[in-house]
Amino acid sequence: MSLVPGTVRPRRLRTTPALRRLVSEVRLHPAELILPMFVKEGLSEPVPLGAMPGVMQHTLESLLEAAREAVDAGVGGLMLFGIPEHKDEIGSQADAPDGILNRALGLLAEHLGEDTVVMADLCLDEFTSHGHCGVLDSAGGVDNDATLSRYAAMAVTQARAGAQVLGLSGMMDGQVAVCREALDEAGFSDTVIMGYTAKYASAFYGPFREAVDSELQGDRKTYQQDPANGREAMRELSLDLAEGADVVMVKPGLPYLDVLAEVARESLVPVWTYQVSGEYAMIEFAAAAGAIDRERAIEESLIAFKRAGADAILTYWATEVAQGLKGPKP
């Protein structure tokens, strides 16, 4: 049986690779990819992460080498996380000018600052002995307002070290306003604040704990968002925008595409998303088991973020994907 003449046939636009490429609604670009990187104090050589195949805890030397590779591939930015040798209750190494993260920021800013965007994770969890994202009160809970003072100090130190974008990932109430004020008062009015508008208390952060040598006991449900709540993200968005966020973030990515799409529809500033460690690990391990096609799964996951409205994507595959998008050298 044949369809009658004049029948609408959507398949016409799918008939060849060239035609499919021409009518593609979204596409990836290297400049829209951001590479998260880990630098650890005291290492003599980079250490591979068992839960995240292909990802390393870097020395300062290997960090610079990997960062150069990413920049040469056209990756748009580098987001740094630091792991100090010494951790304490208040995360004192977080705003120490000679702390590992701030030294790494200075290194990348000096060598690559004109060719890429150097970014810093602004949170205390990598630096505290208890693994929480803030200062604890006498009852063992996270003290929101005491934590804001630490964030303000970190913001100024990171900006002074050379960070162009600060990723406020701690999910403390008022964090954007406090850091904006501190930066402006210190003369860093051009430093960009990326507010984690929707950061959920997710199981998909699991492999990241290994990456930053986390000492967390318990969970972060009192300050990260409930996975059941979507409207709450829009309330957080309105607050972050009112406090002066230059960019906003939805994290994790794939489990929260609905939230990402809603934030992208409403936001007046760029919207980024983070393809987190668990999302990365699932694809890597499934591909290693022969269950899925690795390259296609990576591309499909990134396209999903773009389709939902993300302007940029933090992904551990940033360099690899950017190299593939550029194609082989002539």
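Trainee: Where is the place of D115?

Mentor: This is a predicted model, in which local features need pLDDT of at least 70, side-chain atom pairs count only at pLDDT 80 or more, and totals for chains, interfaces and linings use all residues. Residues are numbered from 1 along each chain as its sequence is written, and side-chain values use heavy atoms, with hydrogens and water left out. Helices (H or I, at least four residues) and strands (E, at least two) are DSSP runs, numbered from the N terminus. On that numbering, D115 is in the loop between helix 3 (100–112) and strand 5 (117–122).

Trainee: Is D115 buried or exposed?

Mentor: Buried means under 20% relative accessible area, exposed over 50%, and partly exposed in between (1.4 Å probe, protein chains only). D115 has 56% relative accessibility, so it counts as exposed.

Trainee: Which residues gather with D115 in a patch of negative charge?

Mentor: Patch residues have over 30% relative accessible area and no salt bridge, with like charges joined within 9 Å and nonpolar side chains (Val, Leu, Ile, Met, Phe, Trp, Tyr) within 5 Å. A salt bridge is a side-chain nitrogen of Lys or Arg within 4 Å of a carboxyl oxygen of Asp or Glu. Asp and Glu count as negative, and the charge is placed at CG of Asp or CD of Glu. On the surface, D115 gathers with E65, E69, D72 and E114.

Trainee: Which residues make the nonpolar surface patch of about 290 Å²?

Mentor: Areas come from the Shrake-Rupley method with a 1.4 Å probe, and for residues only the protein chains shown count as cover. One member lies in helix 1 (residues 17–22), namely L22, and it is exposed because its relative accessible area is 66%. The patch is made by L13, L22 and V23.

Trainee: Which residue of strand 6 stands opposite D121?

Mentor: Two strands pair if DSSP finds at least two bridges between them. Strand 5 and strand 6 pair in the parallel sense over four bridges. In strand 6 (residues 165–168), V165 and G167 point one way and L166 and L168 the other, all of them buried. The residue opposite D121 is G167.

Trainee: What is the phi of M171?

Mentor: M171 is in the loop between strand 6 and helix 5 (175–185). At 6% relative accessibility, M171 counts as buried. Although M171 is not a glycine, its phi is positive, at about 60 degrees.
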